[in-house]
Amino acid sequence: MTSLLLFYILDLAGTFAFAFSGAVAARNRGLDVFGIFVVAFLVACGGGVLRDVCIGAVPPAGLSDWRYLAISSVAALMAMYSRIVRERLEQPIVLFDSLGLGLFAVTGAQKAMIYGLTSEGAVILGVLTAVGGGIARDVLLNRVPAILKGQIYALAALAAALIEVFGSRLHWRSDWRAMAALATCFTLRFLAVRYNWHLPRFVKPPDEDGPDK
């Protein structure tokens, strides 16, 4: 399998995963049908659009390729009307969000390298691609973004991007390094949610916001 074909498959898979997680979250939040479609598309394509603008790949694929809109629409319809899918998945948002996070960390880093960015730049854009959709979802649904709450979210994406970029520099097979990066990100994120792992947080002293004396 060529690197470009693998990139395309993973990018579309990530689009579906993030769109589904966004649509389920929007449905649970009580949004109407139009709102669910909007959230699904922005969650699925927001990070990729930011990535493409940063590397000069304009117009962004999420806006110029009809497949991204079609896949996010299908995912939104499944989230709204497929009760079997939602009932069989104990935590559909966590599952698909974890998948999307890993897939987009990999494809974000891949596309950055294709456009000639340095290893550091490719890692940064891999993380940006992965977390951009989740930030958009949480902001639109009036929630504190997961990346800012001490959860192992960006850290999982960072691990995937590092494996993808440095695996490429070490000439690992593209499918092997992609699967290793995806598995690492998904496992970290899913276990972090399941066992409530989080990064260290600083507690503000109770009198810090008190009146001046």
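The model is predicted, so local features need pLDDT of at least 70 and side-chain atom pairs count only at pLDDT 80 or more, while totals for chains, interfaces and linings use all residues. Residues are numbered from 1 along each chain as its sequence is written, and side-chain values use heavy atoms, with hydrogens and water left out.

**Whole chain.** Helices (H or I, at least four residues) and strands (E, at least two) are DSSP runs, numbered from the N terminus. Of the 213 residues, 47% count as buried; buried means under 20% relative accessible area, exposed over 50%, and partly exposed in between (1.4 Å probe, protein chains only). Among contacts (heavy atoms within 4.5 Å) between residues at least 6 apart in sequence, 75% join residues at least 24 apart.

UniProt, in an unreviewed entry, lists it as a "transmembrane region", along with others including 6-26 and 178-197. UniProt positions are given in the numbering used here, feature names are shortened, and annotations may be inferred rather than shown by experiment. Residues 33-50 are 100% helix and 0% strand, with end C-alpha atoms 26 Å apart.

**Residues 178-197.** In this span, 85% is helix and 0% is strand, and the end C-alpha atoms lie 25 Å apart.

**Helix α9.** Select residues 174-194, which form α9. The helix has 21 residues and reaches 30 Å from its first C-alpha to its last, close to the 30 Å expected at 1.5 Å a residue; the expected span is 1.5 Å times one less than the number of residues. Which residues of α9 are buried? They are Ser-174, Arg-177, Ala-178, Ala-181, Leu-182, Cys-185, Arg-189 and Ala-192. Seen down the axis of α9, these fall within an arc of 130 degrees, so they line one face of the helix; the arc is that of the directions from the helix axis to the C-beta atoms. The face turned away from the buried side carries the exposed residues Trp-176 and Arg-194. Asn-196 follows α9, and its phi is positive, near 60 degrees.

Cys-185 counts as buried because its relative accessibility is 0%. Now select Cys-54, which counts as exposed at 53%. With a disulfide taken as a pair of cysteine sulfur atoms within 2.5 Å, the count comes to 0.
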